[in-house]
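Here is a friendly briefing to read alongside the model. Have the structure open as you go through the points below.

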Amino acid sequence: MWRGRVPRPPAMGSRVRFDFAAPVMHDRRMHCGERAEAKGAFVLLFALASAISAAFACSSTPPAPRYLSRDELLDPQACKGCHADHFNDWSGSMHAYAAEDPVFLAMNARGQRETGGKLGTFCVQCHAPMAVREGATTDGLNLGQLPPSLKGITCFFCHTVDRVDGTSDNPLHLAHDTVMRGPFANPVANAAHPAVYSALHDRDQLESVTLCGTCHDIVNGHGIAIETTYQEWQGTVFSKPPVGDSCGQCHMSQSDTSKPVAQVPGAPPRRYHGHDFPAVDIALTPFPESVTQKARVQAFLGTTLSSELCVGVQGSQVGIHVSLENAGAGHSWPSGSAQDRRAWVEVIAYAGANVIYRSGVVPDGVAVTTIGDPDLWLLRECMLDAQNNDVSMFWQAASPSENYRIPGQVTANLLDPAVYQNHVYQTFPRSTFLTIAPGQSPDRVTMRVRLQPIGLDVVDDLVASGDLDASTRTAIQTFDIGPSPLVEWTPAKAQMVYQYGGVPFSCVSNTAYNPLSCLPGQPPTCSLAASHVHCKP
């Protein structure tokens, strides 16, 4: 940052000389060391004052810029002028949408009512942190009356964090200044705000994960962890230096070429880092950049899982195995509010035009939890009360959750048996083999993984309690996971891989899944998906 020097009068012994006896006259030329023609005499005191004034002015630099005030910097609109790309990204992100999300607003309203107000700032301290810190809300019930500058996760909130004081529930400490912290060691002087480098804001430093992660690990009032994304990352290979990956390296895409990232004079070319933070959630009401947001989420999910579909046929017995590898997420999958997410596997087997088996086939507009499918492979987390009963709302959770998700990768060492920890498989049907009629052997089997960021059953629960408008239901998106989501097995496409229960299985994959990396029932083996114990389904 440019700093002006404070002008000082000449020190004792300076070579600057003042001739107090000379007749001088003061005019504007004195300010640049020029000497006026003397035409009259002035008193000694005035001559001294004039000379000292000249010395001050000649060594002075331009005044420091007038930075934006704190109140001005609270508003993301103030950032738009210099950081248009960042603002446009952020304006369509879930960070900007956090306090507008109707599901959040409904859950908070219901939670405040059902806990008698004890929920307090629990939700809003993450969804509108500046509103809490500015004393504008104590429960989030008045967010509709607050200015946009206090809603969502804003530029000011993230970029004034100077330390992290805990491990969950937004323990971020904000500096008591208007210095903006960022990833560049040589910030450019500007007239808007001072700027400094911060490792917390540098996506290339693993330390930056504490800035993101501690807002994405949530522990409720009963001490139960209801979101564990940061904790999950800590147990993966992505957390291990020197080759680990930070949150920003996945969720803040880096440009391929350099360009000025601020529209200010002298801004050097740098790699731009996206501020749209694609993950899984999307806006459910009209919101800027919503079409782009949905496309980026779909593309992001396309790199998450590798999958394999294997089919075994012998006589009247048919077995179908689906193996999933969490190949791209730096944490479990799905993650975040996994108790509300609904991911499942759809399998359909055909004999000619006839469907001889299916599982996970969910009609549009139907909640996956209501289809009554005994073979359904549903990936989710289940919250439990003190008696281990399945509960739907996070403030009701009083016992550790049951986890039915795919873990993240823990090692890159192919000789380490733990390398298969992020591989999980399931059998269809659960009884291992399907008995078919003569002439009904499958000639085609399809599989895809589907995901709803918020399950329709969760939405229906909030609608039934009167806290959410029923129209929200139609906005719930169902994503298909993978670059080519529909995996299709046919005898011609498949390759023989293994035997299971005496039946030979052949496999296909649309991804880089290694067909020999996970053989059900054979070492080295991946894990059979756990059956749900307390949560239904």
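**Disulfides and local geometry**

Cys-535 is buried, with a relative accessible area of 0% (buried means under 20%, exposed over 50% and partly exposed in between, using a 1.4 Å probe and protein chains only). This is a predicted model, in which local features need pLDDT of at least 70 and side-chain atom pairs count only at pLDDT 80 or more, while totals for chains, interfaces and linings use all residues. Residues are numbered from 1 along each chain as its sequence is written, and side-chain values use heavy atoms, with hydrogens and water left out.

**Disulfides**

- A search of the whole structure finds two disulfides, a disulfide being a pair of cysteine sulfur atoms within 2.5 Å.
- Cys-535 is joined to Cys-382, with an S to S distance of 2.0 Å; the torsion about the S-S bond is about 60 degrees, so this disulfide is right-handed.
- Cys-382 lies in strand β13 and Cys-535 in the segment after β23 (527-528), so the pair ties together parts that are 153 residues apart in sequence. Strands here are DSSP runs of E with at least two residues, helices are runs of H or I with at least four, and both are numbered from the N terminus.
- Cys-382 is also buried, at 0% relative accessible area.
- The other link joins Cys-310 to Cys-507 (S to S 2.1 Å), and it is right-handed, with 105 degrees about the S-S bond.
- Cys-310 belongs to strand β9 (residues 305-314) and Cys-507 to strand β22 (residues 503-508), so this pair ties together parts that are 197 residues apart in sequence.
- Cys-310 counts as buried at 1% relative accessibility, and Cys-507 counts as buried at 4%.

**Cis peptide bonds**

- The peptide bond from Pro-241 to Pro-242 is cis, with omega near 5 degrees; Pro-242 sits in the loop between α11 (229-234) and α12 (247-251).
- The bond from Phe-428 to Pro-429 is cis, with omega near -5 degrees; Pro-429 is in the loop between β16 (423-428) and β17 (434-435).

**Positive phi values**

- Asn-170, a residue other than glycine, has a positive phi near 55 degrees. Its place is the loop between β1 (161-164) and β2 (172-174), and Asn-170 is buried at 7% relative accessible area.
- Asn-388 has a positive phi near 65 degrees. Asn-388 lies in the loop between β13 (378-384) and β14 (390-391) and counts as partly exposed at 32% relative accessibility.
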